[in-house]
Amino acid sequence: MRMNLPHVLIAGAGPVGLVSALTLATAGISVTVFERHTKPQEDLRASTFHPPTLDLLARFGITKELVAQGLVARYTQQRDRQEGLIAEFDMSLLEGETQHPFRLQCEQWKLNTSLLDRLALLPHVNIILGAELQSVTQDANSVTANVKIGGDIKVFTGDYLIGADGASSAVRQSLGIEFEGFTYPERFLSVSTDFEYADHLPKLSYVNYVSDPEEWCVLLRVPTLWRVLFPTRLEETDEEVMTDASIQTRLQNLLPKDTPYNTVHRTLYKVHQRVAKEFRRGRVVLAGDAAHINNPIGGMGMNGGVQDAFNLSDKLVDILISGASPELLDRYERQRRSVAIEYINANTARNKKNIEERDPDARRKTQNELRAIAASPAAAKDYLRKTSMIDALERAESIL
């Protein structure tokens, strides 16, 4: 590694950490990435790429690779478990607003693979697997990470450190930064099946939000599977939720069939709406889930994190290569923390409230509003700008 280069440490080798690493390394900055897992993770949670995220990734030629491996979703649908299709939104209305007027359904790990392939070609990048960050300290000129590798504590020093190490961020905890917000009482269950729902549910799109007062769900297509997201009941234990009988009951209630469903993958996880009180403290900056987490209804978590990564790493390039003031990182905090609160957390919380609404009058009102929006090209375009995060990205750029 060329030690005369500026050096940035990154905790976490998920999409946020790897996008940051590639942006920095391409600009000539030395990067060391610490990842606590011993091999790259094939995370099956995130599967939706929004248009502005695809626009950003196109900088590295990655978007074409993802499109070739994923499904282009021109339409998204709002449905009801009893009434069926409520409203359909055509994302081609966003032509002229984005280079990619569609949602891409593609597993998150495929992005990680493309990023790792590019990083492997750069000699000033060091990715260390099985490396668990223990603590962070800093002074006026540098930041130091104490990292556990194979039972030993090793010390790494850099100009800056990016905490992209997820919701339980060791970086955030080491700095004592409060993670403000709440945890939902219910957990979310994600089940993947090779059953072809489109052959049985008329006019089904690749992206479907299905409201119901008792058990809403989200039905998403990825290239080889359908993924179904359910809420759990408070009285259910984790063990009960994950039994074959429980999984089959949920799937059969959604769409009855004579034979059991073949399930390929199932995950149960807690869901939060939280934003770090600070995104920056000195030479340490948080991004992605380490900085903000939200429920997955709307697919804004990974996308918001990748947008954090581009914003932050571009600013670090300006500081370390072009000589800009470190105060530029305060603008990163103003921009991305504002968006996390005003757009990402606010919209995902609203999405959950609408999809689970129990009051019949409120449900009817929301559904009538959705029908009216879908029927008006101008209103539908405004709706899609919000749900696809175009508005959020533009709002961030407007903050000085």
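## Close-up views of a predicted model

View 1. Lys-203 counts as exposed, at 70% relative accessibility (exposed is over 50% relative accessible area, buried under 20%, partly exposed in between, with a 1.4 Å probe and protein chains only). This is a predicted model, in which local features need pLDDT of at least 70 and side-chain atom pairs count only at pLDDT 80 or more, while totals for chains, interfaces and linings use all residues. Residues are numbered from 1 along each chain as its sequence is written, and side-chain values use heavy atoms, leaving out hydrogens and water. Look for Lys-203 in the loop between β13 (179-193) and β14 (207-211) (strands are DSSP E runs of at least two residues, helices H or I runs of at least four, numbered from the N terminus). Its phi is positive, about 60 degrees, although Lys-203 is not a glycine. Most residues other than glycine have a negative phi.

**View 2. Met-389, a buried loop residue with positive phi.** Met-389 sits in the loop between α11 (377-387) and α12 (390-398). Here phi is about 75 degrees, and Met-389 is not a glycine either. Met-389 has a relative accessible area of 1%, so it is buried.

**View 3. Arg-79, buried without a salt bridge.** Arg-79 belongs to strand β5 (residues 75-80). Which side chain of opposite charge is nearest to Arg-79? It is Glu-88, 6.9 Å away, and buried Arg-79 has no salt bridge (a side-chain nitrogen of Lys or Arg within 4 Å of a carboxyl oxygen of Asp or Glu). For the charge count, Lys and Arg are positive and Asp and Glu negative, with His and the chain ends left out. The Arg-79 side chain does make a polar contact of 2.7 Å with that of Gln-77 (N or O atoms within 3.5 Å, one able to donate a hydrogen and the other to accept it; sequence neighbours count only through side-chain atoms on both sides). Leaving aside residues up to four places away in sequence, Arg-79 touches several others, including Leu-85, Pro-202, Lys-203 and Tyr-209 (contact means heavy atoms within 4.5 Å).

View 4. The structure holds 28 salt bridges. In one of them, the side chains of Arg-59 and Asp-314 meet at 2.9 Å, N to O. Arg-59 is in the loop between α2 (51-57) and α3 (62-69) and Asp-314 in helix α8 (residues 301-320), so this pair ties together parts 255 residues apart in sequence. Both ends are partly exposed, Arg-59 with a relative accessible area of 43% and Asp-314 at 28% relative accessibility.

**View 5. Arg-118 and Glu-65, a link between two helices.** The closest N and O atoms of this salt bridge are 2.7 Å apart. Because Arg-118 lies in helix α4 (residues 108-119) and Glu-65 in helix α3, the pair ties together parts 53 residues apart in sequence. Glu-65 counts as partly exposed, at 31% relative accessibility.

View 6. A salt bridge of 2.6 Å, N to O, brings together the side chains of Arg-385 and Glu-394. Is Arg-385 buried or exposed? Arg-385 counts as buried at 12% relative accessibility, whereas Glu-394 is partly exposed at 43%. Elsewhere, salt bridges with shared partners join Arg-81, Glu-215, Arg-233, Glu-235, Glu-236 and Arg-250 into one network.
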